[in-house]
Amino acid sequence: MRGRFFELDIRRLINILMVLSVLVCARADGAVVLNDVTRETGITFIHTDGSSGRRYIVESVTSGLALFDYDRDGDVDIYFLSGAPLKGTKYDKAPKNALYRNEGGWRFTDVTDRAGVGDTGFGLGVVAGDYDNDGDLDIYVNNYGPNVLYRNNGDGTFSDVTAQAGVADGSKVGAATLFLDMDKDGDLDLFVANYLNFTYENHLMRTSKGISKYAGPMDFPPMPNDLFRNNGDGTFTDVSVESGVAEHKGWGMGGVAVDYDNDGDTDVHIVNDVYGNFLFQNDGTGKFEEVGLIAGIAYDLHGDDQGSMGVDCGDYDNDGWLDFYQTSYAQEQAALYKNMSGGMFQDVTMLTGAGAGTLAHVTWGNSFVDFDNDGDLDIFVACGHLQDNIELYDDTASSSVRNVLLMNKGDGKFVDVSDQSGDGMKVKLRSRAAGFDDLDNDGDVDVVILNSRREPTILRNDSTSKGHWLQVRLRGVKTNRDGVGARIKLTAGDLTLTDEVHSGRGYQSHYGMRIHFGLGNREKVDRIEVRWVGGGVDILENIRADRLVTITESSSVTPGPSGGDGR
Amino acid sequence: MTKCRVSQRARKKKPGSHRTEPPIMPTRKIGVLLPGIIVFAVIIAVDMWFCRKASASPAGGQVSQIEEAFATSDNNEPYNLSSGRNLTAEEQDLALRKEQLEVASRLLADFSNDTNAAFLMGMAYFEQGNVVETEKYLQKSLEFLPNRADACDHLGRIALLKGQYERALTLFRRVLENDPATPGIHFRIAKAHVFLGNFKEAVLELQKDIGIFPDAGESYFLLGETYQQLKEYQKAKENFEAAIRIKPGYTKAYYGLATMCARLGLKDESRQLQQKFKQLEAEDRKAGRHWRQVLDPLMVTRRSVAHTHTDIARVYHKHGNSDQAEQLWKKAATLDPNNVECRFHLSALYLQNHKLPDALKLYEQIAGIDPNNGVAYFFIGNINARMNRFEEAEKAYRKVMKVASKRSDGYRALAQLYLQNNCNLPEAKQLASRAVELEPAALNYFILAAACDKNGDSAGALWAIKQAIELEPGNAQYRRMQLLIREKK
């Protein structure tokens with residue numbers, strides 16, 4: 001009897017082990033695997049929205065983040081924005097934005113105070129760009145309240161040069177902010193989106209079924225956006241009116257500057273919350289015409305103005321034209337707009353399945369990223385309800401939810417693989433901004449997510465795919481230093497990929513200035529063509545895969561060693 | 001057990017905005033109730049013909065109980081501002097929501113095995129945004145009545161809201177099996193197909209829906225969108241145009257049409273349509289018609305609770321508890337000044353109980369809410385006729401003829417009125433003839449026979465009564481009339 005009992009015990013143990021092994025394998029059986037490594041990074045930032053229970057609308061839309069190499073040491077650092085105390089809120093210590101330096105090996109150090117970028121304003125949008133063309137990336141923060149321009153001193157510190165530059169932009173509720181060379185004169189101009197006209201005096205709360213909730217944007221007047229032309233001497237001039245941008249009032253949120261019509265100049269796409277989205281077409285000289293409706297991108301397929309939040313662009317179908325992906329409010333699918341060329345877009349969300357998993361959620365930060373390096377762009381969507389108490393009056397929704405990962409099947413369609421893409425996709429928080437970059441320089445793109453009122457989520461890409469890749473960093477000489485606005489076309493065998501360098505994108509954020517291309521099983525790149533904004537075209541040929549290449553304008557390639565360390 | 005048909009009402013179309021709440025279901029026009037009401041009206045009409053002198057109370061001088069009822073102030077009703085309680089809108093909202101659940105719970109406690117009670121409990125939770133409890137009680141109602149189509153329908157709609165399209169499709173198909181006449185079911189199946197990317201299947205379903213409801217602008221609109229997905233731009237254009245023909249201010253259809261014109265290379269037309277779209281959109285926003293604008297959440301709650309009370313009252317009435325039904329319908333009418341349905345039910349109850357002034361007051365309210373409601377004017381005419389108020393009755397029947405010109409009821413009723421009062425006899429004959437043209441039904445022939453008889457046209461009278469008898473051979477009254485006419489002749 002005793003021996004039989006022991007035998008049964010072994011069998012039970014084996015069964016348990018078998019089940020466990022299946023479970024372990026089942027944790028990540030997809031091609032894309034994103035694992036949550038937040039705890040090991042040393043990042044202690046906790047976001048605040050400045051809330052006190054009075055439900056000021058600005059609380060619900062904070063904040064963006066920036067991924068950029070502030071110290072030019074070859075790895076990507078992180079800058080988190082935070083809200084600030086609002087009327088009626090008290091803090092012992094004022095919350096501030098936080099800069100974390102990437103030390104390598106998934107360790108980050110808080111260098112906020114040393115760098116001098118701990119702005120205590122109510123952070124909403126952020127962008128990084130070398131506005132003074134001195135070789136390092138500066139930061140512009142778009143606040144509720146006066147904005148801030150930090151000039152990078154090149155020694156790990158920044159200086160607040162807002163007043164000198166003339167870009168405080170009053171005291172508005174900010175949103176996305178973008179650097180672009182609108183007039184092709186070689187320096188970066190500044191586009192500042194504004195959300196709405198909110199003051200404590202016009203504040204109101206709404207209710208649903210007797211439960212208090214945040215008011216909506218339609219309860220506040222819309223605002224025009226602002227455009228500042230870089231004078232080339234460290235100062236900017238407000239050209240909002242003469243450029244035509246100020247003519248249009250909306251409820252601006254996310255945005256991206258991109259040459260959507262392939263005519264060699266940078267246009268601006270701003271998504272509006274509860275209003276038709278804006279597409280500002282550049283005539284090449286910095287004069288813009290709003291063509292969103294005509295282009296078919298102002299409204300979704302149904303003719304509805306969506307509660308648009310963030311937007312990014314990428315060529316999801318590899319046809320050489322950059323498409324847009326816009327996130328949105330709950331009960332609206334995030335929308336994929338295919339660039340049909342000829343200045344026209346079509347909402348292909350349903351055709352492609354690119355809205356899968358997003359209907360029930362409020363969606364925010366997003367991007368096209370080739371997570372598995374198979375040569376086509378997948379989509380990541382950060383989710384989290386705007387209303388922190390939604391469950392009290394609508395339990396078809398939840399305030400804290402998982403994010404969504406859509407894999408590009410390669411045939412122009414997407415499939416929701418959130419369930420099988422690692423423990424990082426199981427995190428349930430109220431996500432807002434998301435940034436995408438190769439944080440560990442291992443040849444795949446990782447994810448940083450800012451969560452409202454909580455710690456961020458850092459996702460390491462541990463995808464099982466062995467696809468080849470190439471990363472491209474641009475160095476402008478006659479044009480702006482980081483090649484912002486430059487168009488890159490890469491050909492590898494039968495694969496042609498197109499991308500552009502952007503400064504500011506997604507949900508009021510900045511990331512991805514180092515362009516990542518997944519190549520699938522192609523071991524080399526036949527040709528890279530770079531078209532510089534306001535400059536010429538550079539062509540490079542025969543580049544080995546799996547490296548970072550730095551392409552200098554009108555100069556030669558500087559390839560890094562294979563394996564991903566492109567320094 | 002007869003299932004409880006939950007009435008449906010218009011909501012803003014789109015769900016989920018932090019600015020609006022999820023839409024529930026499209027308005028079920030009172031016309032769906034029309035056949036039942038007309039049958040009831042027929043009974044009244046026949047009653048009127050054979051009781052030449054009205055048995056109702058004389059006009060005027062009788063205090064309307066409904067006026068008294070509306071003036072009553074219940075200290076426990078927080079929404080009654082005349083009570084002097086100083087509740088905020090939010091407190092009122094919460095109190096009403098609580099009441100909504102309490103009333104539904106009471107019904108369920110009173111009739112614990114009643115599928116309707118379970119269904120309405122589920123719907124009350126749905127109104128609260130508690131989908132978990134909604135599904136639980138809808139499932140319970142299905143346990144009592146497995147082929148209950150409306151429960152499956154609502155479960156399907158919830159599945160759509162959650163993005164569970166396959167499940168929604170399964171549920172909607174079940175609805176179709178159990179009750180193919182469910183309004184809009186093909187439309188919802190099509191919607192699920194569209195979300196799943198099954199565009200060709202969606203087209204077939206929408207065509208079926210349009211076959212049943214040829215004036216369904218939304219179906220044409222969705223068909224336009226579906227053809228757009230299939231890249232059949234010309235067909236998409238035609239359907240957007242159809243949607244606009246049905247509903248000239250259909251803002252989104254203009255957008256769809258503008259987009260299709262652009263796709264088809266009709267650039268100038270596209271631009272013009274885009275301008276029209278922008279103009280309509282601006283007007284919608286200004287008028288508060290934008291689907292995200294909820295300007296008065298308390299009113300939304302009041303309408304919702306009124307709706308629940310109306311449906312629950314019907315269950316009580318069906319179980320013979322008219323007092324409770326009356327109380328709930330009265331409450332509903334107080335909560336929602338625009339709720340036509342509760343007023344119809346209440347007025348029907350008053351008619352049954354011969355409370356003519358009260359019933360009349362309610363029908364007049366309905367006509368005030370919906371000036372094109374032919375049924376309301378019909379009953380106004382009937383009641384005024386019974387109360388010997390000839391001019392008021394005549395006016396009401398003329399209104400029926402105007403707003404429901406393609407129906408025979410108004411013509412017939414006015415003909416009857418003239419015949420009953422022995423006036424305008426030639427016109428009565430013309431009206432009766434028109435009624436027969438519009439609808440060659442037995443009752444219309446019957447009235448025509450009477451009109452011909454009164455006008456000395458025996459041959460016409462005999463012919464008409466013969467048609468009536470052929471249509472309803474078992475009707476003893478028709479045969480009696482035939483005898484009378486023959487005797488006269």
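Predicted model: local features only at pLDDT ≥ 70, side-chain atom pairs only at ≥ 80, totals over all residues.
Two strands count as paired here if DSSP finds at least two bridges between them.

Strand β3 of chain A, residues 77-80, and strand β4 of chain A, residues 98-104, are joined by three bridges and run antiparallel. To find the spot by eye, look for I78(A), whose bridge partner in β4(A) is Y100(A). These two strands belong to an open sheet of four in chain A, ordered β2-β3-β4-β5 with antiparallel pairing. At its edges sit β2 (65-68) and β5 (107-110) of chain A, each pairing on one side only. Going from strand to neighbouring strand in this sheet, the average turn is 25°, direction ignored.

Further along chain A there's another open sheet of four strands, β18-β19-β20-β21, again with antiparallel pairing. Its edge strands are β18 (252-258) and β21 (288-290) of chain A, and each of them pairs on one side only. Here neighbouring strands are turned by 20° against each other on average, ignoring direction. β18(A) is linked by five bridges to the antiparallel strand β19 of chain A, residues 267-272. A handy landmark is G252(A), which stands opposite N272(A) in β19(A).

For the complex, the predictor gives an ipTM of 0.77 and a pTM of 0.80.

Methods. Residues numbered from 1 in each chain as written. Chains lettered and ligands numbered in written order. Heavy atoms only, no water. Axes fitted to C-alpha atoms, helices over the stretch in contact; angles between N-to-C directions.
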